[in-house]
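User: I'd like to learn how to read a structure like this one. Could you walk me through it?

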Amino acid sequence: MTLRIVLLVAATAGLAACHSAKDGNTAAPDGNSATAARPAAAKGTIADSFGKPDTSRFAAAVKAAGMDGVFKGPGPYTVFMPTDAAFMSAGDLGTNKQALVKLISGHVLPGTVLAEDIGHAIDANNGKALLKTMAGDTLTATRDGDRIKLAGPSGSATVSGADEVYGNGVVHHVDAVLKPAAK
């Protein structure tokens, strides 16, 4: 059984606004939407995670893209946040605001999608789940032992830390930057 989520993206500056309509995501937590019930204890926003260790380079990219307000907003979002080491390994990502918005949006899913949701979708879909990002790219999630691997248009990453829940979504840390498709 294929799990579907509802997604309609009306983007202003990448992620500034989002609604719901059909897309190709197969990792919906409830099969109908990308919004899981958030734990009552979840406090703060995804933007608050930027002050934690190993997040400074992602935070700097978000700020340079002019997207800091997005992650303070209501969401919900699922962010595959590259570690600082991943950003250092990725080389020069440039300073072009439009390119940075695309790069960051390629690490974000609409709704709150927990690692367990992705795992269930992988199991239910013959070993892989398709995750449609806010940039319009598709990430393919598979298992590598007990870890989740993500393959994007240009590279792959492994989830190294999952389910950091906030009031407006969830953060999963990844060990590589998922670059958008080369033009």
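User: Which residue forms a salt bridge with Lys102?

Analyst: Some background to begin with. Side chains of opposite charge can pair when their charged atoms come close. A salt bridge here is a side-chain nitrogen of Lys or Arg within 4 Å of a carboxyl oxygen of Asp or Glu. Lys102 pairs with Asp137, with the closest N and O atoms 3.6 Å apart. Lys102 sits in helix α3 and Asp137 in the loop between β5 and β6, so the pair ties together parts 35 residues apart in sequence.

One caution: this is a predicted model, where local features need pLDDT of at least 70, side-chain atom pairs count only at pLDDT 80 or more, and totals for chains, interfaces and linings use all residues. Residues are numbered from 1 along each chain as its sequence is written, and side-chain values use heavy atoms, with hydrogens and water left out.

User: Is Asp137 buried or exposed?

Analyst: Buried means under 20% relative accessible area, exposed over 50%, and partly exposed in between (1.4 Å probe, protein chains only). Asp137 is buried, at 14%, while Lys102 is partly exposed at 29%.

User: How many salt bridges does a search of the whole structure find?

Analyst: Three. Another one joins Arg143 and Asp123, at 3.1 Å from N to O. Arg143 belongs to strand β6 and Asp123 to helix α4 (residues 115–124), so parts 20 residues apart in sequence are tied together. Lys52 also bridges to Glu164, with the closest N and O atoms 3.8 Å apart. That pair links distant parts of the chain, as Lys52 is in the loop between β2 and α1, and Glu164 in strand β8 (residues 155–166), 112 residues apart.

User: What does the side chain of Thr55 reach?

Analyst: For this, think of a polar contact: a pair of N or O atoms within 3.5 Å; within protein, one must be able to donate a hydrogen and the other to accept it, and residues adjacent in sequence count only if both atoms are side-chain atoms. The side chain of Thr55 reaches the backbone oxygen of Lys52 at 2.6 Å. At 1% relative accessibility, Thr55 is buried.

User: And which elements make up the chain?

Analyst: Helices (H or I, at least four residues) and strands (E, at least two) are DSSP runs, numbered from the N terminus. This chain has four helices and nine strands. Back in helix α3 (residues 97–105), the buried residues include Leu100, Val101 and Leu103. Asn96 caps the N-terminal end of α3, with a side-chain oxygen 3.0 Å from the backbone nitrogen of Gln98.
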